[in-house]
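Trainee: I would like to go through some features one at a time. Please give the general idea, then the case at hand.

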Amino acid sequence: MVARVDEIGPGERKLVEVGGRSIGVFNVAGEYYAVRNRCPHQGGPLCEGRQFAPLTAPAPGEYDRGPDGVIIRCPWHGWEFDVRTGRSWVDPEKTRVKAYPVAVRELAQEVPPGAAEIEADLDAETYPARRRGAYVVVEVGR
Ligand code: FES
């Protein structure tokens, strides 16, 4: 679990540490994606770069514009990657950054025991409580 869904709005990103790895989590038009924050070129902080819409040219004089924020450009030397797949925009078969599965899950958490103890010190009545909400979950494996 890396964030509540409302922490990463459409067009936004959040850098997180998971299992000792720096990972960028992106919200592109309401869908969440995660890629490693380490550029395969020379290790630059890829996920700190600017995001763009992909442009393709199906025929001379024609172009298609994809969704905003799909392409991330490394701030060091400008290599570009698709945050949905981790593949390089220029060389998608050979060059890629690690992409991780992302899920949104509804979770209910018990309030930590320490919180109840604080209220007891104040001589207040306490009740069991739960915190509910949707969370972004990144699966990094081992
Ligand atoms: S380190 Fe990312 S483009 Fe060079």
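Trainee: How should I read a salt bridge here, and what is the N to O distance between Glu7 and Lys14?

Mentor: Side chains of opposite charge can pair when their charged atoms come close. This is a predicted model, and in it Glu7 and Lys14 form a salt bridge whose closest N and O atoms are 3.0 Å apart.

Trainee: With which other residue does the side chain of Glu7 meet in a salt bridge?

Mentor: With Arg4, at 3.8 Å from N to O. The cut-off is 4 Å between the side-chain nitrogen and the carboxyl oxygen, so such a pair is counted.

Trainee: How many salt bridges does the rule give?

Mentor: The count is eight. One of them joins the side chains of Arg84 and Asp82, with 2.8 Å from N to O. Salt bridges with shared partners also link Arg4, Asp6, Glu7 and Lys14 into one network.

Trainee: How does accessibility compare across the pair of Arg84 and Asp82?

Mentor: Arg84 is partly exposed, with a relative accessible area of 37%. Asp82 has a relative accessibility of 8% and counts as buried, because the class takes values under 20%.

Trainee: Back to Lys14. What is its bridge partner in S3?

Mentor: Val25 is the bridge partner of Lys14 in that strand.

Trainee: How do I read a buried residue in a loop? Take Val83.

Mentor: Check the location, then the accessibility, then the contacts. Val83 lies in the loop between S9 and S10 and counts as buried at 2% relative accessibility. Leaving out residues up to four places away in sequence, Val83 touches Phe26, Val28, Tyr33, Val35, Gly69, Val70 and Ile72.

Trainee: How far apart are Val83 and Val28 in sequence and in space?

Mentor: They are 55 residues apart in sequence, with 8.8 Å between their C-alpha atoms.

Trainee: Where does Thr95 lie, and which residues is Thr95 in contact with?

Mentor: Thr95 is in the loop between strand S9 (80-82) and strand S10 (99-100). Apart from neighbours within four places in sequence, Thr95 is in contact with Pro40, Trp79, Phe81, Gly86, Arg87 and Ser88.

Trainee: Is Thr95 buried or exposed?

Mentor: Thr95 is buried: its relative accessible area is 16%, and the cut-off for that class is under 20%.

Note on methods:
Residues are numbered from 1 along each chain as its sequence is written. This is a predicted model: local features need pLDDT of at least 70, side-chain atom pairs count only at pLDDT 80 or more; totals for chains, interfaces and linings use all residues. Side-chain values use heavy atoms; hydrogens and water are left out. Helices (H or I, at least four residues) and strands (E, at least two) are DSSP runs, numbered from the N terminus. Buried means under 20% relative accessible area, exposed over 50%, partly exposed in between (1.4 Å probe, protein chains only). Contact means heavy atoms within 4.5 Å. Two strands pair if DSSP finds at least two bridges between them.
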